[in-house]
Amino acid sequence: MIIDFHTHVHPPREAARPVWQGRCPATIENVLRLHDEAGLRWSVISSAAQYLRNHTRDSALPLLEESNRFLAGLRDQHPDKVLALATSIPGGGDAYIRELERAVKQDDMRGVLISSSHRGAYPDDDDALDFFQACCELDIPVFIHPPAVGFGEERVNIYRLASSVGRPFDNCLALSRLIVRGIYERFPNLKIVASHLGGGISEIIGRMDYAYEMGDEAYFLGDYEPMLITRKPSDYLKMMWMDTTSYHTPAIKCAAETIGADRLVMGSDAPMLLTMKQRSIDVVREAGFSPQDEAKVLGGTAAMLLGI
């Protein structure tokens, strides 16, 4: 069984933006074609919601509700192949939480996608705590996905670096902040799924550990106050899940050795780039997992998270 945790369908407003030149690839037709070609059991659709950069929290809410209903409707048209995630903004307040509860309880959305940042706000901000409490009560996975561009936008506007480097950077920063700001101390049962292998956080987590462990010896690196965690950061990283969207087998191996193969779920991000679907499956199979671990990565762990 293969489940692709990371596929996108853009709602009509987003698909109509001039940037797509009338040929937006993030369509349900492309999802279904690739689904059949790759022999998938389930495709999990979500809206990347990158249009949110142009909207405040107040103006974004009706658009997110429209998008959530649109994706639920597509799922209803293809109930044997498609599952759907809602979209939300963590610090949006009570109205966003009510919309998330509606989407999960009434429309059977199996989780929620949030951006790693929104207009300079990150999900570790205090105004997001009620959102994460709601996600724990709903018992749904929180899929953290980068925005169009976040941290370092002014330096990644050449050679498609915004996509290849800038977005993973923002993901990694958001996860790092969630860890050191004690998200798992508050919500130990929170199910965070980091897209794009967490933006490379498995490679830098050792640096986060020494920043925590060295105490006063590292005084010249800056403060580590207020202390909000009781264990080294890598222990909290092992409480997260990651999708394998990286297209690079050594990176998948690094993540598996860091958090465990049973914490990985297969993801392709295709569409957007249609040709990456099969490659996303192949890099998992090339990682040298045991048959049991490969089965978990390709579908078993995702099925658990999604309540299938």
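Visitor: Why are helix 4 and helix 5 called roughly parallel to each other?

Guide: Helix 4 (residues 94-105) and helix 5 (residues 129-138) pack at about 15°. Angles under 35 degrees count as roughly parallel, over 145 as roughly antiparallel, 65 to 115 as roughly perpendicular and the rest as oblique. About 15° is under 35 degrees, so helix 4 and helix 5 are roughly parallel. One caveat: this is a predicted model, where local features need pLDDT of at least 70 and side-chain atom pairs count only at pLDDT 80 or more, while totals for chains, interfaces and linings use all residues. Residues are numbered from 1 along each chain as its sequence is written, and side-chain values use heavy atoms, with hydrogens and water left out.

Visitor: How do you know which way the crossing of helix 4 and helix 5 is handed?

Guide: The crossing comes out right-handed. A crossing is right-handed if the near helix is turned clockwise from the far one by less than a right angle, and left-handed if anticlockwise. The axes behind this are lines fitted to C-alpha atoms over the stretch in contact, with angles running from 0 to 180 degrees between N-to-C directions. Helices themselves are DSSP runs (H or I, at least four residues), as are strands (E, at least two), numbered from the N terminus.

Visitor: What makes the contact of helix 4 with helix 5?

Guide: Ile97, Leu100, Glu101, Val104 and Lys105 of helix 4 meet Asp130, Phe131, Ala134, Cys135 and Leu138 of helix 5, contact meaning heavy atoms within 4.5 Å. By class, that's seven nonpolar, no polar and three charged residues. Here Ala, Val, Leu, Ile, Met, Phe, Trp, Tyr, Cys and Pro count as nonpolar, Asp, Glu, Lys and Arg as charged, and the others, Gly among them, as polar.

Visitor: Let's do rings. Why are phenylalanine 5 and phenylalanine 143 called an edge-to-face pair?

Guide: Rings of Phe, Tyr and Trp (its six-membered ring) pair if their centres lie within 6.5 Å; planes under 30 degrees apart count as stacked, over 60 as edge-to-face and the rest as tilted. By this rule there are four aromatic pairs. Phenylalanine 5 and phenylalanine 143 sit 5.3 Å centre to centre with 75° between the planes, which makes the pair edge-to-face. Phenylalanine 5 is in strand 1 (residues 3-8) and phenylalanine 143 in strand 6 (residues 141-145), 138 residues apart. Both are buried.

Visitor: How do you know that the pair of tyrosine 219 and phenylalanine 220 is edge-to-face?

Guide: Their ring centres are 5.4 Å apart and the planes stand at 85°, so the pair is edge-to-face.

Visitor: What makes tyrosine 219 count as exposed?

Guide: Exposed means over 50% relative accessible area, buried under 20%, and partly exposed in between (1.4 Å probe, protein chains only). Tyrosine 219 is at 64%, so it counts as exposed. Phenylalanine 220, at 58%, also counts as exposed.

Visitor: How do you know whether leucine 52 is buried or exposed?

Guide: Leucine 52 has 3% relative accessibility, so it counts as buried. Leucine 52 lies in the loop between strand 2 (42-46) and helix 3 (57-77). Leaving aside residues up to four places away in sequence, leucine 52 touches Ala60, Leu64, Ile89, His118 and Arg119.

Visitor: Why is alanine 95 called partly exposed?

Guide: Alanine 95, in helix 4, has a relative accessible area of 29%, which is why it lands in the partly exposed class.
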